[in-house]
Amino acid sequence: MRIARFTLPGGDPTFGVVELEADQGQFPNTVAAITTDPLTGPVKYTGARHDLDAVRLLAPVIPRSKIVAMGLNWADHVAEMENGPAPTSPTMFIKPNTSVIGPEQPIVKPVETSYLSYEGELAIVIGRICRRVPVERAAEVIFGYTCANDVTARDLQHQEDQWTRAKGFDTFCPLGPWMVTDMTLEQAGSLSIVTTVDGEVKQNGTTADMLRSIPEIVALVSGFATLLPGDVILSGTPSGVGPIEPGQVVSVEIGGLGTLTNPVVAEDSK
């Protein structure tokens with residue numbers, strides 16, 4: 001099931017179930033509205049259905065408390081960033097929920113940075129309150145998956161001892177286009193991730209190459225922090241990270257999930 005968060009012109013955000021043409025169903029490329037946030041209650045249809053091109057897709061989830069991100073979780077990315085072996089202990093950081101934007105919303109390049117960078121990633125959406133989740137029970141706490149872009153002020157990241165500012169500016173966590181809730185751990189563990197800038201492929205990897213698997217990531221993160229429904233875990237990025245500039249368009253496509261696309265704009269310094 002694909003669950004989107006969307007608005008109609010002049011309307012309030014709502015949730016819906018997306019049906020695509022590829023599903024060969026009765027209502028291709030539509031979204032059927034549901035009564036409430038599926039993270040807080042069962043999916044119940046309202047009876048309203050809209051064409052996808054008539055709605056504005058929003059970030060499919062706004063984390064209630066936190067976004068926890070895994071750094072240096074791909075060997076090839078470690079090599080391009082650190083010029084050395086992968087760290088033996090996990091590298092994790094938190095992004096504020098104010099950094100979240102949805103599909104087609106602009107990534108804003110702040111005046112504080114001269115080197116803005118993309119990082120295409122698989123995002124894990126948590127579906128229940130949990131703490132110290134064993135690896136073998138990770139599937140029980142995952143609500144679904146979506147595409148993410150861990151936007152980074154790369155120069156600030158290199159200048160500062162920790163990454164909060166470099167990773168935490170407003171608009172630095174695009175999510176979307178929707179959440180996929182019926183994917184198994186095995187499926188999610190072998191997804192292609194392709195990031196493009198203005199249509200040119202910059203990253204091309206697979207989640208099978210992550211140093212820590214999805215169950216291991218959930219176990220690690222829940223080992224230090226209680227996770228709440230709607231919390232998001234970013235699982236790390238493959239090699240190929242690079243700069244993006246105002247006027248460019250960056251897309252993160254993950255097999256089975258969809259494509260998240262965002263333009264880049266300069267911050268209005270007035």
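Me: In this predicted model, which strands pair over five bridges in the antiparallel sense?
Reply: Strand 15 and strand 18 (residues 249-254) do, with five antiparallel bridges between them. In that pairing, T196 sits opposite S251 of strand 18.

Me: Which strand is joined to strand 15 by six bridges?
Reply: That's strand 16 (residues 200-206), and the two run antiparallel. For a landmark, take I193, whose bridge partner in strand 16 is G205. The hairpin of strand 15 and strand 16 has two residues between the strands, and D198 there takes a positive phi near 50°.

Me: Why is strand 15 described as largely enclosed by the rest of the structure?
Reply: Go residue by residue: five of the six in strand 15 (residues 192-197) are buried, so the strand is largely enclosed.

Me: OK, rings next. How do I read an aromatic pair?
Reply: You describe two aromatic rings by the distance of their centres and the angle of their planes. Here the count comes to two aromatic pairs. F93 and W163 are edge-to-face, 5.4 Å centre to centre with 65° between the planes. This pair links distant parts of the chain, 70 residues apart: F93 is in strand 7 (residues 91-95), and W163 is in the loop between helix 2 (154-159) and helix 3 (164-168). Both F93 and W163 are buried.

Me: And how do the planes sit in the pair of F169 and F172?
Reply: Those rings are tilted, with 50° between the planes and 5.3 Å centre to centre. Buried means under 20% relative accessible area, so F169 qualifies at 17%, and F172 does too at 0%.

Notes: Residues numbered from 1 in each chain as written. Predicted model: local features only at pLDDT ≥ 70, side-chain atom pairs only at ≥ 80, totals over all residues. Heavy atoms only, no water. Buried < 20%, exposed > 50% of the residue type's maximum accessible area, 1.4 Å probe, protein only. Helix = DSSP H or I, 4+ residues; strand = E, 2+ residues; numbered from the N terminus. Pairing = 2+ DSSP bridges. Phe/Tyr/Trp six-rings, centres within 6.5 Å; stacked < 30°, edge-to-face > 60°.
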